[in-house]
Amino acid sequence: MVAVTIWNEFRHEREDEDAAAVYPDGIHEVLAGVLEDDHEVRTATLDEPEHGLTEDVLESTDVLFWWGHIAHDEVDDEIVDRVQERVLEGMGLIVLHSGHFSKVFKRLMGTTCNLQWREDGGRERLWVVDPGHPIADGLGESIELPTTEMYGEPFDVPEPDRLVFTSWFEGGEVFRSGCCYRRGNGRIFYFRPGHETYPIYENEEIQRVLRNAVDWASPTAGSPRTFGERE
């Protein structure tokens, strides 16, 4: 069974009434509920010792989720080093929404990861532009989100190895919303949807994407992380 660790900053849900109303137990708990039937799932948050990402936790993690927003600078550089090392060894990394500006993602991309944004609660359509990719398995031609935050180009990231989703927003903007990368032996998927005050992670199609992404990002045969006795 694939071992998944879901890391969440867990600040908005404790400090903002709107976020608490949507995710009263934290975004990480909702994501854990999406995956727990088919995966071995643990959660970790910023304010835990070592941000919950100890050597032992990361060593036993096949795929790490990352959600952060207002406290990127509080993530200790030693933990960033630790996560980067594990990704290069073969651990999968799934970066969600505002995690684009996390230290971890910027380190692995080598760019600013800047983008345009507007929080207006408008409509988004995620077009499946690579329907043959495993992350798009079981989806139709698009996913409709009636209320979301706009992210727009230019998005300062390297050209993705594969682009699975492109978003269109009500204001006319477009955005590369599903980007796949390889760093060392590890696979990285950046997935844009997931604002803290909209129940996007309760959308069944979004949940399918997340489950598919875990399967895709899991360590591949021959990478260092597939060695050993753990099944």
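Pro 154 sits in the loop between S6 and S7. A cis peptide bond joins Glu 153 to Pro 154, with omega at about 5 degrees. The model is predicted, so local features need pLDDT of at least 70 and side-chain atom pairs count only at pLDDT 80 or more, while totals for chains, interfaces and linings use all residues. Residues are numbered from 1 along each chain as its sequence is written, and side-chain values use heavy atoms, with hydrogens and water left out. Helices (H or I, at least four residues) and strands (E, at least two) are DSSP runs, numbered from the N terminus.

Two further backbone sites involve positive phi values. In His 97, a residue other than glycine, phi is near 45 degrees. His 97 belongs to the loop between S4 and H6. Its relative accessible area is 1%, so His 97 is buried. Here, buried means under 20% relative accessible area, exposed means over 50%, and partly exposed lies in between (1.4 Å probe, protein chains only). Cys 113 is not a glycine either, yet its phi is positive, at about 65 degrees. This residue occupies the loop between H6 and S5. Cys 113 is buried because its relative accessible area is 0%.

Strand pairing was examined next. Two strands pair if DSSP finds at least two bridges between them. Strand S3 (residues 63–67) and S4 pair in the parallel sense, over 5 bridges. Leu 64 stands opposite Leu 93 in S4. How many residues of strand S4 (residues 92–96) are buried? The count is 5 of the 5, so S4 is largely enclosed by the rest of the structure. In a regular strand the side chains alternate between the two faces of the sheet. Both faces of S4 are covered. On one side, Gly 92, Ile 94 and Leu 96 are buried. On the other, Leu 93 and Val 95 are buried.

Strand S5 (residues 116–128) pairs with two strands, S6 and S7. With strand S6 (residues 142–152), the pairing is antiparallel over 8 bridges. Arg 118 stands opposite Met 150 in S6. With strand S7 (residues 162–169), S5 is again antiparallel, over 5 bridges. Glu 124 stands opposite Phe 169 in S7.

Charged side chains were then considered. Side chains of opposite charge can pair when their charged atoms come close. A salt bridge is a side-chain nitrogen of Lys or Arg within 4 Å of a carboxyl oxygen of Asp or Glu. The whole structure holds 18 salt bridges. One of them joins Lys 103 and Asp 77, at 2.9 Å from N to O. Lys 103 lies in helix H6 (residues 103–109) and Asp 77 in helix H5 (residues 77–89), so the pair ties together parts that are 26 residues apart in sequence. Lys 103 has a relative accessible area of 23%, so it is partly exposed. Asp 77 is partly exposed too, at 44% relative accessibility.

Arg 107 and Asp 81 also meet in a salt bridge, at 2.9 Å from N to O. Arg 107 is in helix H6 and Asp 81 in helix H5, so this pair likewise ties together parts 26 residues apart in sequence. Arg 107 is partly exposed, with a relative accessible area of 33%. Asp 81 counts as partly exposed at 38% relative accessibility.

A further salt bridge links Arg 86 and Glu 85, at 3.5 Å from N to O. Is Arg 86 buried or exposed? Arg 86 is buried, because its relative accessible area is 5%. Glu 85, at 41% relative accessibility, is partly exposed.

Asp 215 has a relative accessible area of 52%, so it is exposed.
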